[in-house]
Amino acid sequence: MTMMAFGLSISRGTSVTAFSFAAFSRAPTTAARRQFSTFGYRRTGALQSTMEAVADLTKSMGVEHPAYEIVKNDLVEEYGAATTLYRHKKSGAELLSVSTDDDNKVFGITFRTPPEDSTGVPHILEHSVLCGSRKYKTKDPFVQLLQGSLQTFLNAFTYPDRTCYVVASQNEKDFYNLINVYADAVFHPRAINDPNVHAQEGWHLELENKEDPLIYKGVVYNEMKGVYSSSDSRLSRASQRSIFPDTTYGVDSGGDPKVIPELSFEQFADFHAKFYHPTNSRIYFSGDDDVYARLDIMDEYLKDFDVSPESKPGSVIDWQPKVFSEPQRIVEAYPIGEDQPETNMVNINWLMNDKPFTPAEEMAVGILDHLLMGTTSSILRKTLTESGLGESITGGGLSDELLQATFSVGLKGVKEEDVAKVEELILSTLEKVSEEGFESEAIASSMNTIEFQMREFNTGSFPKGLSFMLGAMSKWLYDQSPTEALKFEEPLAELKARIESSGSEVFQELIKKYLVSNTHRTTVEMRPSKSLETAELEEEKSRLAAIKESMSDEDLEEVIRKTQVLKKLQATEDSPEARATVPALELEDLKRETTEFPIAVTESENDSGVTVIRHELGSTSGIAYVKLGVDLSGLDVEDISLLPLFSRVMMETGAGDFDQVELSRKIGTHTGGISVSVLTTAVHPDGSDESDILDGNYLQTKLIMSGKATSDKTTELFDLMKMILTDARLDSQSRVIEMLKESKSRRESAIIGSGHSAINTRMKARYRVGGYVDEMMGGISQLETLKELLKQAEEDWPTLLARLERIRNTILDQESCRSGMFFDITGDTSVQSKIEDSVHKFLDELPGDANGKKLQNFYKEQHPWVEPIKKLMAELAPIEDEGFIVPTQVSYVGKSGLAYEEGEQASGAAQVVARFLRTGYLWDRVRVMGGAYGGFCTFSPYSGFFSYLSYRDPNLSKTLDVYDEAADAVIAAAEQLKKDPDALSQAIIGTIGDMDGAMSPDQKGYTSLTRWLVNESAEYRQKFRDQILDTKPEDFREFGERLKNLKQSSVAVVSSKGEFDKAKEDGKVMKMKNIV
């Protein structure tokens, strides 16, 4: 069961909790031998560097401030963090100050917000408090910050029992601006005094004319209609409700669309008064900024409040006792399309604990989850996948981010007669493992995989400080120590000692106690219904019709008046005086120079024929990050759509002498993971002007094998990579069938739940070869391909196997393959030096002739896929309006075209205009006024492709009208910006902020690699940045005219048949296709 959190979804990172073992135990691979850790006996790499950092940071602990008392000082050596927990004397607020050497500073404030019903009040409030406040007078300061900040994270999210508001920035001035706006917003929001905010963000009745039908509108209302259109979401919610019958976790904090309209403005305001008091808050800072300044800025807000004796006790989360003497069963329906197979979904769910885990027990439960579910070779996941009883796994295993841990697992795509078999298989597998235990190799692999992740602490572009905060909150929220939860050395050592003495018994006891013998268990079965979507829509219409019928003329007039007032408010621009209240950076605060990363390229290193690229960074904590690129240009175009399957088969069926399980364990024991992907990118031809729009006919197409390991384990890493590349076991019919079923199920879910992404990929396919390749491998057409491949795998396996073998033979052609290979290495100086010998050994042992045939120069000659793909594009992806029918209550609306054509030049200023359009006009018209969860646009300065997109949109036809009016809005903005240079500056600042996000070491290396691969110069990047910084109002007019004359424009929409029928009545005619 996946824990649900809802947010504003405006962040650069991925919202994961780094310290949740449920998150850690989802690594892609595992391992083999009785070696419980590659780290346990060394004080090198990450641990050594953090210990040195801690020595410098301890002076930041215990900083005194007259407004606070110190509760506890603590060092979290594992992550180089010096912490102090404070209590504000006047308000009772707790504040955790974390000092690290990370310049990506993070602030968060969290309130415990347990709902009593499914009206979605905490979720609606989360959206609403950022819509203006006591000090910051605009309608939506959040958007103003979004428009003109260097933020690396700007978001808020609602959990089942808490609401978090988080900002992050690498710029200190910007950071404190963000804090001021967020702090004033949560304590003094406009929303609690203005019913229009509740109406806009939550729900309201809308009526423009008396004869029209009443409708529900509201951002959260439509967001949750989208959520409830997903069968996976329905299953997850039903599962959580089933095992928490008596606590707050038994209701939906996000809101059930059927219940949301029961929330009154008074209840909404009362919820804020009850839970948004400083005494009920947990305030967090991390980074390299001054501790006293942190305390000072928060005192400015906290000093207005006295301690609230009832606030904290009133928000305590109750424990759900294990009350089921025997397992329970719940059966519900979920909507399917007319052409969709009538299959069931089934989940078995356990409430694991009804008292706190010890740290060692919590660690062990996390490892157990990885042993059961963490990889495709984990015993429970593998058994279910290979059973043939369903299409893909549901539930996901352990969820441990709330007060009590749960475990959920099941299958979707299950025949009705097989539901009982799925239940029996899950229970019998757990019973068997509880009796027989796990092999020592499996334990070693899981232990190493999770320990590697904890020590590496690689959060990508997601701020490390935020991962730290979410980990602390998993205990702090429940009145336990915020820092003890982050220390893993002692519980890890304790667990290793127990394993050393009793082996698998540690985990067998846990399975028996928390799963096999645990009667607080539910089975949730979801049965398909082709009429449910229509029935729910009709029920809503009937409810609204009854409401209207009960209204007097005066009541209807009042609804019309409120509708007009709200629309007028939404359409009214903030005054310059109101905008001036929101703090902002100035252009002078920006860095003018582009950030470049180290790169050294050696062609045919050691006469190997392979190009080696090195990125020597300051510190990678003793870890080497490597990528092997293998050229794909020799493949037949008909085999491109097979590449996603080929990539999975390479990793998930075994290689050489190792079967699937053994290979997975080898990877987990010796490395931090290996993965295979496909990279396709247009490149700048040699001698071309890099500012020119690319025609897309010059491409690099590579199979990318990525891996990471500590420097002393790279020999094992390289051996495994070579084995997978050359000797993967492709002949595994049953496993391939399982993969195809799972991929088909995932693709269907992705189209229904993320239709905006699907239609954007579809629209790109109409204009450029690279876009069509992406559509073939991961778009809507890939769904049809998966169905065809599944049929072929089941009925004509030899033919499909021959195609997979042909791919491998082609890309590893003895004569030419080394010419198209590159080997990319990211690591610090020490790592680069230590692994040099193993690198050269790896290069020598790669397949192919070092002095063989040279491939064409892809920077001088057109890619061989271009001509055959252009013929396919003309036939299968013509420039036409398309509608894709799925079972859903919302729409995903797209329109696209070419703003620039081949040979024209797009200035960096176009990026500023596109971003201004996304965060201004489209936000206001599609989200705020239209009620969609998201409205945005994309623009590529390389291809000239421009697209409008909406997400979980209650409208279809109206949204297309909004798109058609966007060009005029941009042209009008050009005149406004001449009078408002500050607004132009904010647009520029926000665009630079998008470019300058924080990166992990491996991301820096990959960015440098892709820059090299596309043949992009540092001079061009600087020119592009200068153009952004020098953007003028005239650039808005020029881009607006291009949008007005968008070339080869076309539409793509994912929606329900009913919505397409309505659009047709409005003259919006599309070529229709049922896809799910």
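Predicted model: local features only at pLDDT ≥ 70, side-chain atom pairs only at ≥ 80, totals over all residues.
Is glutamine 1048 buried, partly exposed or exposed? Keep that in mind while you go through these points; the answer comes in point 6.

1. **Overall build.** You're looking at a protein chain with 39 helices and 27 strands. Its C-alpha atoms fill a box of roughly 85 × 70 × 65 Å along the principal axes. For 1076 residues, a compact globule would have a radius of gyration near 31 Å, and the protein chain has 28 Å, which agrees.

2. Buried residues account for 63% of the 1076 residues in the chain. The accessible surface of the chain is about 38900 Å², and carbon and sulfur atoms hold 48% of that. As for contacts, take the ones between residues at least 6 apart in sequence: 83% of them join residues at least 24 apart.

3. **Charges.** The chain carries 119 positive and 171 negative charges.

4. **The largest nonpolar core.** In soluble globular proteins, nonpolar side chains tend to be buried together. Here, the largest nonpolar core has 77 residues, and Leu372, Phe407, Phe438, Leu466, Leu495 and Phe507 touch the most other members. Helix α11 (residues 359-373) gives this core its largest share, eight residues. Apart from this core there's another one, of 71 residues, including Met650, Ala709, Phe823 and Phe842.

5. **A look at Phe407.** What is phenylalanine 407 in contact with, once you leave aside its neighbours within four places in sequence? Its partners include Ile348, Trp350, Met352, Leu372, Met373, Leu380, Leu398 and Leu515. Asn349, Asp369 and Gly397 are also among the contacts of phenylalanine 407.

6. Most residues other than glycine have a negative phi. Serine 621 sits in the loop between β17 (611-617) and β18 (623-631), while glutamine 1048 is in strand β26 (residues 1047-1055). Serine 621 is partly exposed, with a relative accessible area of 24%. And now the opening question: glutamine 1048 is partly exposed, because its relative accessible area is 42%, and partly exposed covers what lies between under 20% (buried) and over 50% (exposed).

Key. Residues numbered from 1 in each chain as written. Heavy atoms only, no water. Helix = DSSP H or I, 4+ residues; strand = E, 2+ residues; numbered from the N terminus. Rg over C-alpha atoms; globule rule 2.2 N^0.38 Å. Buried < 20%, exposed > 50% of the residue type's maximum accessible area, 1.4 Å probe, protein only. Contact = heavy atoms within 4.5 Å. Areas by Shrake-Rupley, 256 points an atom, 1.4 Å probe, with all protein chains shown as cover. Lys, Arg positive; Asp, Glu negative; His and termini not counted. Charge placed at Lys NZ, Arg CZ, Asp CG, Glu CD. Core = buried A, V, L, I, M, F, W, Y, C linked by side-chain atoms within 4.5 Å.
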